[in-house]
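Hello,

Here is the structure I said I would pass on. Please load it before reading further.

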Amino acid sequence: MKSPNASPIKIGSATSAVKKRKITPTTKSLSNPSAFKSDFSLKNFIPRQKSATLIFQNKFLLGRDDMKYFTIGILMLFSLVANEGEELYRLGKKYETQKHFQQAKHYYQKAHKLHYAKASYSLAYLHHHGLHGNKDIDKALHYYQHASKQGDTDSLVQIGVIYQDEASIRDLRKAKSYYEKAAQKNHPAALFSLAVCYEDGIGTAIDYQKAFSLYQRALQSGEYYSYFRLAYLYQQGLGAKQNYEKAIELYKKATEHGVRDAFYNLAYIYELGPSHIQDHRQARYWYQQAAQRGDLEAVQALKDLTIRN
């Protein structure tokens, strides 16, 4: 039987909103719009933002002593900055999909400067995995942190992965703490990774009941590898009363989602489980299914089963 290993972290798209630039006008500038005009510098704005700023200055500020127009102008600027960040990010994603990583990095950096969280995450991912050149964990952490401060929970999980997997800075307690932060927001991969921490004693004491509960929450959030982990806990009687029938049910669910080791463990239970569960025809079938998916242990187990029967 195969004990579970942590599944690869599967991260979806970052979804956090754009961080708005804080503008705190003085009382003098509100009462005298022309004085406020000098606070705006166009040199750092890309073309669309320059246009928006000019419209804001000429239409809403000059000669207008009205908070309503000031607010409209500010909101318009924020909206255009957000749209600009999204468009730059999409350009970067297009180049990344085509494996043109340097071009992708270029556009992600532009969007990152506009505080677009998805771009910050993607930029971190390039550095994390060295897709554009050399792997740079320090830069990956920097950009993941930037995205996480804008509410991006995918980045919290990836920071946890770095502290768990990177030997040069490994800190299992830190890894667990980042998984916890994302799990508080019901992030599926975070819930799953935190469950693995409690099951395997990563950065904390082993607690099978906590692991079992977290796997259930991860499953409810769409992390389907949890079917396999819960099945294993039922099979071993860890965190829940031993229940082979429930283990079989959950392993079968796991096979529906392509978890290869679930095919092997199903066969193992049918071959060597309690007498009322044993079924060599079923064992042979599931070993064959595992072998067809490249499981070499299943190939050998199938040969041994054939010899014995």
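Below are my notes on one helix pair, one serine and several salt bridges.

First, a caution: this is a predicted model.

Helix pair

Start with α7 and α8. Helix α7 covers residues 137-148, and helix α8 covers residues 153-165. Their axes lie 8 Å apart, at an angle of about 150°. Angles over 145 degrees count as roughly antiparallel. The two helices are therefore roughly antiparallel to each other. Their crossing is left-handed.

Which residues meet in this contact? From α7 come I137, A140, L141, Y144, Q145, A147 and S148. From α8 come S155, L156, Q158, I159, I162 and Y163. Of the residues in this contact, 9 are nonpolar and 4 are polar. None is charged.

A serine in α6

S120 sits in helix α6, residues 117-129. Is S120 buried or exposed? Its relative accessible area is 0%, so S120 is buried. Leaving aside residues up to four places away in sequence, S120 touches H112, Y143, H146, A147 and Q150. A147 also belongs to the contact of α7 with α8.

Salt bridges

How many salt bridges does the whole structure hold? The search finds 8. Three of them are described here.

K135 pairs with E166, with the closest N and O atoms 3.0 Å apart. K135 is in the loop between α6 and α7, and E166 is in the loop between α8 and α9, so the bridge ties together parts 31 residues apart in sequence. K135 is partly exposed, at 47% relative accessible area. E166 counts as buried, at 15%.

D200 pairs with R229, and here the closest N and O atoms are 3.6 Å apart. This bridge links distant parts of the chain: D200 is in helix α10 (residues 188-200) and R229 is in helix α12 (residues 226-236), 29 residues apart. D200 is partly exposed, with a relative accessible area of 39%. R229 counts as buried, at 0% relative accessibility. The pair also belongs to a network of salt bridges that links E199, D200 and R229.

E271 and R308 meet through their side chains, at 2.0 Å from N to O. E271 lies in helix α14 (residues 260-272) and R308 in helix α16 (residues 296-308), so this bridge ties together parts 37 residues apart in sequence. E271 counts as buried, at 6% relative accessibility.

Best wishes

How values were computed: Residues are numbered from 1 along each chain as its sequence is written. This is a predicted model: local features need pLDDT of at least 70, side-chain atom pairs count only at pLDDT 80 or more; totals for chains, interfaces and linings use all residues. Side-chain values use heavy atoms; hydrogens and water are left out. Axes are lines fitted to C-alpha atoms, for helices over the stretch in contact, and angles run from 0 to 180 degrees between N-to-C directions. Helices (H or I, at least four residues) and strands (E, at least two) are DSSP runs, numbered from the N terminus. Angles under 35 degrees count as roughly parallel, over 145 as roughly antiparallel, 65 to 115 as roughly perpendicular and the rest as oblique. A crossing is left-handed if the near helix is turned anticlockwise from the far one by less than a right angle, and right-handed if clockwise. Contact means heavy atoms within 4.5 Å. Ala, Val, Leu, Ile, Met, Phe, Trp, Tyr, Cys and Pro count as nonpolar, Asp, Glu, Lys and Arg as charged, and the others, Gly among them, as polar. Buried means under 20% relative accessible area, exposed over 50%, partly exposed in between (1.4 Å probe, protein chains only). A salt bridge is a side-chain nitrogen of Lys or Arg within 4 Å of a carboxyl oxygen of Asp or Glu.
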